[in-house]
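Thanks, everyone. Please have the structure up.

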Amino acid sequence: MDLRRFLFSASAIVALMASAQEPAAVPDGSVMTLEQCRRLALDNNKDLRKSAEQIKVAQYQKDEAFAAYLPAIDFAGGYMYNQKGVSVLSSDQLLPVKTFNLEKQAYEFNVVKNPVTGEPIKVNGQYVPEQVAYLPKKALEYDLHNVFFGAVTLTQPIFMGGKIVAMNKITRYAENIARNMHDNEAQNIIYAVDAAYWQVVSLKAKQRLAESYVNLLDTLSHNVSLMVKEGVATKRDQLTVDVKLNSAEVDLTKVNNGLVLSRMALAQVCGLPVNTVFSLADEDAESIEVSAPAATSYNMQEVYDNRDDLRALEMGVKVYHEKANVAKASMMPNLALVGSYSFSNPNMFDGFSKRFSGMFSVGAMLTVPIWHWGGNYNKYRAAKSQAVVAELELENARELVDLQVNQASFKAQEAMKTFNMTESNLEKADENLRCADLGFRDGVMTIDNVMEAQTAWLKAHSENIDARIDIYLCDVYLAKVLGRLQADAQ
């Protein structure tokens, strides 16, 4: 199977799965042009609508990556129930007091003195206070059973090792990839529609041809039956013609069935119910007009620039390079500015009072990777290798495109040559049939000669129809592989 037929088969399979919404209504008996069929297929194809949603996903991801440049504001709050409160003292306390000594001009503890010597008395190595202050345990107990707390934090990245810049480039490339794949899918759908459309036109022409062939054989059968009655032909001649006539009628039935199935396939590709009754603008033409292929010259660099699939691969290479930059950022310092306002109830700013109170804090946070046993570096090297693999895949794809373009160009030229030869054969087959009919009437040609001329006439006309259709298909396929097929997909 050659490349063109393979791609057509793949495109047809994709197109036959089309229909993301209710098919567009087409009144029965409508006459559809090729452009109308293309538009219906583009509007109703499920895969195309799915790729359009992928573009939206890529756009949202790009906006998400850009948001990393902006400060992040977060709020965190909570409630906690504690079984016990807080007590600074284990029991009531008796604390010594000081009085001001006028003679010494200083505060001194009031302690018990020896009445004889006037020296302070010590008990167990400590002075005995003369006066004490009573401090109850409850004075330093705090109720922390129910605690409410929260904080509003602002974080502004300053330098993240280039990770934010790389992620923004990755999402921008991903959006371009999604758009290129969407356009490429639209071109595949158009090619599938064109193939199905011209298949119907071809079978319609062959239906008329088969009917003409049946009429020729029917006329011949009638003439032979008269000859049999006159005794100038044998029963064998009659049976030979009738067998040929029956075979032609069977072939006509097959063409009719194929035409019905081809209309169903075209309706399905267009996203219509398969039982939709419609006709095509080109199917009733006396002959299928042909012209030389539109794409006669090309520049491979322009082809590379125009091919959506190659552009997607190029964007993929850039994505892998940026992924390497993201991996490299994990080995570089990160700096961020942090500001917050934290509050709690009870608060510690006024003796654990039961009311909300808080404070502002501003600072900077620096993270410097020091040693991770080579994990980050190996991640960077793996990303670089993936970029090299992507570049090799791109080069291989370009080589395949070179082959594809040359094959498509060759087939387009061969299709035109084949058409010219079938045109020459067509004239000869018509003349041969005319001479056979005249010779049969004059009695110089046998029935076998006439049937051979009719068979040759049928073959020549059938090959001519195939050659005309093949020119259209080769032309649209060449435009597709050159990147010149405009889909105008929404």
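Start with Cys-37. Its closest cysteine sulfur belongs to Cys-270, and the gap is 4.2 Å, so the two are too far apart for a bond. Keep in mind that this is a predicted model. The cut-off for a disulfide is 2.5 Å between sulfurs. By that rule, the disulfide count is zero.

Is Cys-37 buried or exposed? Buried, with a relative accessible area of 0%. Cys-435 is another matter: partly exposed, at 35%.

Now, what surrounds Cys-37? Beyond its neighbours within four places in sequence, Cys-37 is in contact with Met-32, Val-193, Tyr-197, Leu-266, Cys-270 and Leu-280. Several of those names come back in a moment.

On to the core. The largest nonpolar core has 54 residues. Which members touch the most others? Cys-37, Tyr-197, Trp-198, Leu-266 and Leu-280. At least two residues of this core come from each of a list of elements: helices H2, H4, H5, H6, H7, H8 and H9, and strand E12. H4 gives the most, with 12 residues.

Next, helix H3, residues 46-66. It has 21 residues, and at 1.5 Å a residue they should span 30 Å. The end C-alpha atoms are 31 Å apart, which agrees. Which residues of H3 are buried? Asp-47, Leu-48, Ser-51, Ile-55, Ala-58 and Ala-65. Looking down the axis of H3, these buried residues fall within an arc of 105°, so they line one face of the helix. The general rule is 3.6 residues a turn in an α-helix, so residues three or four places apart point the same way. On the other side of H3, Lys-50, Tyr-60 and Glu-64 are exposed. One detail at the start of H3: a side-chain oxygen of Asn-45 comes within 3.1 Å of the backbone nitrogen of Asp-47.

Helix H7 next. It has 22 residues, and its first and last C-alpha atoms are 31 Å apart, close to the expected 32 Å. Its buried residues include Leu-310, Met-315, Val-317, Val-319 and Val-326. Asp-308 and Glu-322 are also buried in H7. What covers the buried residues of H7? The cover includes H4, H6, strand E13 and H8.

Over in H6, look at Glu-302. Glu-302 is partly exposed, with a relative accessible area of 46%.

Two polar side chains to finish. Gln-156 sits in strand E11, residues 146-159. A polar atom of its side chain lies 3.1 Å from the backbone oxygen of Tyr-69. Setting aside neighbours within four places in sequence, Gln-156 is in contact with Tyr-69, Leu-70, Pro-71, Ala-336 and Leu-337.

Then Thr-276, in the loop between H5 and E12. Thr-276 has a relative accessibility of 14%, so it counts as buried. Its side chain reaches the backbone oxygen of Pro-273 at 2.7 Å.

To recap the cysteines: Cys-37 is buried, and it is among the residues that touch the most other members of the largest core. Its sulfur is still too far from that of Cys-270 for a bond. That's my tour. Over to you.

Methods. Residues numbered from 1 in each chain as written. Predicted model: local features only at pLDDT ≥ 70, side-chain atom pairs only at ≥ 80, totals over all residues. Heavy atoms only, no water. Buried < 20%, exposed > 50% of the residue type's maximum accessible area, 1.4 Å probe, protein only. Helix = DSSP H or I, 4+ residues; strand = E, 2+ residues; numbered from the N terminus. Expected span 1.5 Å × (residues − 1). Arc of directions from axis to C-beta. Polar contact = N/O pair within 3.5 Å; in protein donor to acceptor, adjacent residues only side chain to side chain. Core = buried A, V, L, I, M, F, W, Y, C linked by side-chain atoms within 4.5 Å. Contact = heavy atoms within 4.5 Å.
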